[in-house]
Amino acid sequence: MSRNINVNQISMVFYGRGEPTIALEKVDLHIPAGQFAAIIGPSGCGKSTLLRLVADVMQPFAGSVTLDGDTPRAARLDHALGFVFQSPTLLPWRTVKQNVELPLDIVGRKSKRRSGLSPAELIELVGLKGFENSLPHELSGGMQQRAAIARALVLKPDVLLLDEPFGALDEITRQRMNLELLRIWAESGTTALLVTHSIAEAVFMSDQVFVMSARPGRITSVIDIPLPRPRQLEMMRTPVFFDCVNRVRDGLFGHEAAPAESRLQAVEAY
Amino acid sequence: MRADAIIRRVPWGAILRPLVTAGVVLGAAEIAQRAGLLPVFVPSPSQVASEMIANPRLVFGNLGPTAWKAAIGYAIAAAIAVSAGAVAILIRNLYGAVYNFGLTLHSIPIIATAPLLALWLGTGPQVQIAIAGLASQFPMLVGTMQGLQAADARQRELMHVLSASRSQTMRYLLIPSALPYLFAGFKIAAPSAVLGAITAEWAGADRGVGAMMLYALFSYDTPKVWLSVLLTCVLAASGYGVWVLIERIVVYWDRDVQLAE
């Protein structure tokens, strides 16, 4: 099962010391069930805040979020949300296997939410076979993040929220993880929302890319990605891919920032 | 494991270095005393040692009572401090009150209150137990209160998104992340319990390291005074050491994370 994501006219204000900051201003986001969408934007544009509003970690100042008509809170209590953080956020006293099993410990081992894949299969899927009994501090950052992804998939989430999950990984691991994530996503049929800094990653992964601007956080353009699925690395050499990359780039920087050789730059950017 | 493998695994350097240091310091003290460089009220280490060998009953007859009284007072204080700390975290309105009460108790001068407590509670072991508890409660209270707040924001968000119940969050996240802080509190509090018990013994006790210390002081028996100081150190350090060993087993995951961040 998967749910659509509807963000309607969300605004978010933070009251810190001094002037209140408008983190999000009248943001609209509509993602059909089962789609893979990405949010891209400069640092501090409120994209992580947006993700946390969908995850019911924060409450909006104005506007509403619904997941198939339910509030985020109802979806969360139904264990319908998977969240992968920027940092792995593993519990350091639990082994890899125990960390992956944490959601099962909370929901109950016999839950109907249980994914079709067992913890052992998920660990194998993310390439951590043989490290089941390692503690997080014994693993590299990339391996820890892969364990975190396995954990997010141990319950079949209707909505999978990914907050720059591969930001800390090197380019090679990152591409491999992206492909693995797409495969798992296709198998699970969940709706995925990915926050990222990387234009190429956003285009390669998504059906739809939302481009945001900062201060105040707004969605400036929505770009549909017509690349077929399943996605393959070779698609990154196609004109369609470059065209999409350029459109996202235009959304981020405006047309004046994209000179004639923008196609070449797109190649370099990757 | 074969015997030679075990021998190779023993951290000889870690054992030998403090032994050599102690040997050098004691040797220097011995030479200085014999050369007449130290005042008369500082005995040579060999005098203290022979005092101990000559009176084994003096040593064990006084070490035992102090040890068990300190241990009981410490255990009661630990139970109360950990429960009070947990309550203060669960009921936020009580946080300030619990903390300040613990701090106030910690600020009471034991040397003045011990005789008053003796008048109130009687001159049995209950006074030493009470004072040992009073002297050691605060680090354990602080350890509990800090520890239960030590989980970072991301980990809390994780439990929230998984919609873990309060007791699940406590069990899976808050208690394990409190353990390093709790052990820091237990370790710091152990010597305080010993010192508290000994100070309380000054206010009236027939047996105990504190009683022995007072008796030796009044009879100008400097080797016995120093022997009682040595016994105090041994007790305090073993209280600390026991927790270091338990911590190594229980907190197996962040061996190299320092508490001082």
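Select chain B: among its contacts between residues at least 6 apart in sequence, 77% join residues at least 24 apart, where two residues are in contact if their C-beta atoms, placed from the backbone, lie within 7 Å. This is a predicted model, in which local features need pLDDT of at least 70, side-chain atom pairs count only at pLDDT 80 or more, and totals for chains, interfaces and linings use all residues. Residues are numbered from 1 along each chain as its sequence is written, while chains are lettered from A and ligands numbered from 1 in the order in which they are written.

Stay on chain B and show the cartoon. It has eleven helices and zero strands; helices (H or I, at least four residues) and strands (E, at least two) are DSSP runs, numbered from the N terminus.

Now colour chain B by pLDDT, the predictor's confidence in each residue, from 0 to 100. The average is 89, and 95% of the residues score at least 70. Select residues 257-261 of chain B: pLDDT stays under 50 there, and the model has two contacts beyond four places in sequence for them.

Move to chain A, which has an open sheet of six strands in the order 5-6-7-3-8-9, with mixed pairing. Select strand 5 (81-84) and strand 9 (218-224) of chain A; each has a single partner strand, so one side of each is left without a neighbour in the sheet.

Definitions and conventions
Two strands pair if DSSP finds at least two bridges between them.
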